[in-house]
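Colleague: Hi! Could you walk me through this one? I'd like to start with the terms.
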Amino acid sequence: MAAPQQQKLKVNGPVVVTANRLTDGAVVWRTAAGGWSAELADAAVVTSAEAAIALLAGAQQRDIDAVGAYVAPVLLGADGAVAPGNLRERIRVAGPTFELPH
Amino acid sequence: MYVYDEFDRAFLAERVAEFRDQVGRRLSGALSEDEFKPLRLMNGVYLQLHAYMLRIAIPYGTLNSDQLRRMAYVARRYDRGYGHFTTRQNIQFNWIKLDELPEAMAALAEVGVHGIQTSGNCIRNVTTDQWAGATPGEYDDPRIWAEILRQYSTLHPEFTYLPRKFKIAITAAPQDRAAIKVHDVGLRLHRNEAGELGFEVLVGGGLGRTPFVGKLVRPFLPARDLLSYIEAIMRVYNQYGRRDNIYKARIKILVHEIGAEEFSRAVEAEWEAIREGALKMTDEMIAEIRGRFLYPDFAALTDNPPELVEALKDERFVTWHANSVHTHKVPGHAIVTISLKPVGAPPGDATADQMEVVADLADRYGFREIRVGHEQNLCLPNVAQKDLPALWAALDAAGLATPNVNHISDIIACPGLDYCALANARAIPVAQEIAKRFADLDRSRGIGRLHVNISGCINACGHHHVGHIGILGVEKNGQEFYQITLGGRADEKAQLGTLLGPAVSYEQVPDLIEDVVDTYMELRAGPQELFIDTVARLGVEPFKERVYAAH
């Protein structure tokens with residue numbers, strides 16, 4: 001499967017822009033203020049392709065903070081809480097789905 | 001063990017300094033991501049789902065105890081305290097930080113290991129039999145020839161930008177433990193009727209989205225002509241291999257499209273032009289490489305010493321011994337496989353503590369040498385039989401004595417969607433669940449040799465096509481589904497598995513595998529008929545009827 005960055009943009013619901021932090025690869029989300037946050041709750045949520053393209057374009061302007069930005073689906077709870085929209089994004093938020101060796 | 005010289009050490013130190021500079025320029029913004037990405041990949045640095053991943057080459061799967069101990073240090077200091085051994089006899093660190101990578105690489109370079117050519121469209125780590133040099137019946141130690149290829153291919157300017165990556169595997173034993181038939185080039189060392197050492201050369205094997213078993217292009221290549229013949233293959237590939245479509249760029253597609261005969265003719269024509277040139281190896285050159293492999297100074301021992309005979313009264317030791325200890329070419333010695341597949345743990349992972357335990361045991365009982373097998377287990381290739389009881393006790397205490405080698409819970413699995421940016425589905429949790437189903441040792445021993453291979457996407461890093469049971473994760477409408485194949489094998493009789501039927505959901509996989517195994521137990525001609533032989537005798541239909549009737 002092509003990585004999300006390589007796929008045609010489809011927006012059928014709420015989406016965010018996500019990437020990996022340059023220094024350590026940690027998952028980050030684009031905020032409405034034009035920065036990056038390590039908390040999904042801080043992400044700017046948009047619902048149209050036009051807005052998603054604009055958010056992505058802003059995220060890609062400067063690649064020294066975060067890399068590999070792409071648009072990812074999210075789910076909005078009744079209370080407005082943001083949750084990852086598919087398994088891949090759930091794993092990116094919560095880490096591997098099994099206990100890590102220790 | 002191969003002893004590196006000053007040239008190797010200086011080269012690695014320079015490479016680390018170069019990478020440190022590249023990372024510095026990337027962090028300062030002097031290099032863009034587009035500029036930096038190919039540079040990091042050339043050093044084995046990937047960006048995965050949640051972190052950078054550093055892949056370290058373990059040439060032909062051979063490590064000394066200092067190197068393994070240093071990997072434990074890197075795992076603990078720069079990662080999350082563990083590493084993952086791969087099907088290419090490498091190790092991967094999954095949580096490494098970019099700004100700490102140069103330090104980690106410097107620490108590894110001090111003991112002669114690195115990530116060079118573990119990514120990119122170049123000749124990758126040359127792999128071989130993890131029992132090389134220790135198993136009876138070998139025609140030669142294949143690591144000598146792997147080392148010759150390593151030196152030849154490292155930073156080879158003509159082959160740094162091939163159409164696609166290129167993997168070579170070598171075996172020298174009658175039983176192929178290196179899966180040579182599913183590599184771009186597979187080399188089988190043997191002797192011709194005149195007693196001369198040479199290679200049977202297979203080209204165009206590989207897995208991924210278009211799997212092929214390699215085709216024979218030369219039954220016998222004199223050993224001293226190895227480099228010129230490989231160069232001829234690489235040149236034909238470099239010239240005619242496709243660069244317009246990444247999915248058709250491997251040499252297997254070229255060989256398939258023009259046919260093995262035509263491919264062979266092109267290689268032979270190129271070879272004729274260069275075979276007497278600079279790449280022809282002299283006896284002295286080969287002897288020099290051979291001379292830098294230091295072999296253990298084996299004591300004159302006999303088989304079945306009293307210590308072993310006494311230990312064989314302990315049922316748990318008997319089970320482990322029967323499963324994980326193999327015949328050595330030197331009397332009184334043994335080859336020991338260390339299972340990295342404890343039931344319920346991620347296949348192929350080892351903690352820093354476990355790496356240090358293995359390194360210490362290699363010092364004490366194994367002439368400081370450790371091997372990595374493509375099945376994602378470790379191996380101590382040279383252990384005195386009298387030391388086996390003490391070795392077992394120490395491994396057992398460290399959780400490293402699971403007697404499941406070649407059993408159904410000895411699963412090969414790629415990192416899958418839990419780590420990998422390319423994956424469609426998870427592989428490790430599927431492996432864990434299957435292993436738990438077959439955790440009962442009596443049951444898994446009764447089933448016998450059965451290889452389960454799991455890949456989280458069509459790129460097939462878990463070699464699912466050649467698993468006796470192959471499991472491929474796919475995505476359907478945002479859900480994980482798994483296709484099952486039966487009858488694949490990666491050994492000297494390599495073949496691709498046959499699709500059993502429609503894909504099943506993540507939750508259904510363990511039940512389905514149990515049904516497949518139960519069907520085998522019912523249909524096999526007797527306890528001596530292995531799963532793979534029952535599938536060969538009956539085909540997949542009886543399995544299909546039974547399994548899909550139940551689901």
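Modeller: Happy to. Helices (H or I, at least four residues) and strands (E, at least two) are DSSP runs, numbered from the N terminus. This is a predicted model, where local features need pLDDT of at least 70, side-chain atom pairs count only at pLDDT 80 or more, and totals for chains, interfaces and linings use all residues. Residues are numbered from 1 along each chain as its sequence is written, chains are lettered from A and ligands numbered from 1 in the order in which they are written, and side-chain values use heavy atoms, with hydrogens and water left out.

Colleague: How far apart are the end C-alpha atoms of residues 119-272 of chain B?
Modeller: They lie 31 Å apart, and that span is 31% helix and 18% strand.

Colleague: And residues 408-547 of chain B?
Modeller: There the end C-alpha atoms are 18 Å apart, with 34% helix and 19% strand.

Colleague: Which three residues of chain B supply more of its buried area than any other three?
Modeller: B:Arg26, B:Leu49 and B:His50, with 20% of what chain B buries against chain A. Buried area is the accessible area (1.4 Å probe) that two parts lose on being put together, summed over both. For chains B and A that is about 2,500 Å², 62% of it on carbon and sulfur atoms.

Colleague: Which side chains meet in a salt bridge?
Modeller: Those of A:Asp63 and B:Arg26, at 3.5 Å, N to O. The rule wants a side-chain nitrogen of Lys or Arg within 4 Å of a carboxyl oxygen of Asp or Glu, and it finds 1 across this interface.
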